[in-house]
Amino acid sequence: MSRYRIAVHIVPRRGILDPQGKTVADALHTLGFSAVKDVHIGRHIVVDLDARDQNAAEQSTRDMCERLLANPVTEDYEIASVEAT
Amino acid sequence: MKFGIVTFPGSNCDYDAYQAVVERLGEEAVFLWHKDHDLQQSDVIVLPGGFSYGDYLRAGAIARFSPVMQDVVSFAKRGGPVLAICNGFQIACEAGLLPGALLRNANLKFVCEMVRLRVETNETLFTNRYDRGAVIRVPIAHGDGRYTADEATLDRLEGEGRVVFRYVGGPGDADEWWSPNGSMRSIAGIVNDAGNVLGLMPHPERVVDPLLGSEDGLGIFESVLARVTV
């Protein structure tokens, strides 16, 4: 077994109203960042876990996302980084 | 008839539900502790409002894993009536008892006010004591009440008569949809496909006595009482 640190990003599914993202985008425009087209706000979750290998660690993390960490109705997730620790 | 009211860590409307059942409906109610696997032979389960587990991760996401919820889900699958109010609605969606999800209010504010709801169908276990199309006054108090589902799910809910309550506008335009939280199609409450689980964001248990400014919520409890045989 090895230990891995996996970071996942969970974001509102595109097309679903994201009022926080919209509010922040408006604020950025007010600050003069007129190039900003869109902002989405989600969660960044870091999981430390033991697994046989990197594939097993990633698969386990995907299961966690589907069963708890993300809401399959409204959110998408992606594994942002994996590092052996 | 015995109502079982689940108390999660962070529930705060469990006593309101208890009062509504015991003092206004005149029926028996018991509190069900979230760690127990015991529904105490309840005939109806109430998932009350509040902030179970501090709304960590997502509202209702952790409460769904409470030991008692396994029993509540089995009870619902057997056809047992479940009244899921506010945080209870969020929990029921997370637990898969109802379709869709409840997201942060579109205006990002916690909304706490009296609203008007239209009873879209009285052909349910929970609304048979109302007239169809009746407009009732019930308070809301939530930060995550924006009902969201994909279009196919919304069409199906409407087609099957499962949209039970909608938010409607002020006096004089009661037919106009309105939404205090950005809910899709102004949906305030729905039932599952078998019709035995009602989820709604407004708080009927808070309006069961004229002293509270409205007793429009009592009909939900009376409807269940009228229909469920013990």
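How far apart are the end C-alpha atoms of helix α2 (residues 54-69) of chain A, and what span would a straight helix reach? Point 4 below takes this up, after some remarks on the model as a whole.

1. The structure under review is a predicted model. Its scores are ipTM 0.85 and pTM 0.93. For chain B, the mean pLDDT is 94, with 97% of the residues at 70 or more.

2. Chain A contains two helices and three strands. Their order along the sequence of chain A is β-α-β-α-β. Among the contacts in chain A with a separation of 6 or more, 72% are between residues 24 or more positions apart.

3. The C-alpha trace of chain A spans about 50 × 25 × 15 Å along its principal axes. As for burial, 14% of the 85 residues of chain A count as buried.

4. Helix α2 of chain A answers the opening question. This helix has 16 residues, and its end C-alpha atoms are only 20 Å apart. A straight helix would reach 22 Å at 1.5 Å a residue, and α2 of chain A falls short of that value.

5. In α2(A), the buried residues are A:A57, A:T61, A:C65 and A:L69. Viewed down the axis of α2(A), these buried residues lie within an arc of 80 degrees, and they therefore line one face of the helix. The other side of α2(A) carries the exposed residues A:N55, A:Q59, A:D63, A:E66 and A:R67.

6. The last point concerns the interface. Nine residues from chain A and 11 residues from chain B take part in the contact. On the side of chain A that touches chain B, helix α1 (residues 19-30) of chain A gives the most, with three residues. By class, that side of chain A comprises five nonpolar residues, four polar residues and no charged residues.

Technical notes: Residues are numbered from 1 along each chain as its sequence is written. Chains are lettered from A and ligands numbered from 1 in the order in which they are written. This is a predicted model: local features need pLDDT of at least 70, side-chain atom pairs count only at pLDDT 80 or more; totals for chains, interfaces and linings use all residues. Two residues are in contact if their C-beta atoms, placed from the backbone, lie within 7 Å. Helices (H or I, at least four residues) and strands (E, at least two) are DSSP runs, numbered from the N terminus. Ala, Val, Leu, Ile, Met, Phe, Trp, Tyr, Cys and Pro count as nonpolar, Asp, Glu, Lys and Arg as charged, and the others, Gly among them, as polar. pLDDT is the predictor's confidence in each residue, from 0 to 100. The expected span of a helix is 1.5 Å times one less than its number of residues. A residue is buried if 20 or more other C-beta atoms lie within 10 Å of its own, exposed if 12 or fewer, and partly exposed in between; C-beta atoms are placed from the backbone. The arc is that of the directions from the helix axis to the C-beta atoms.
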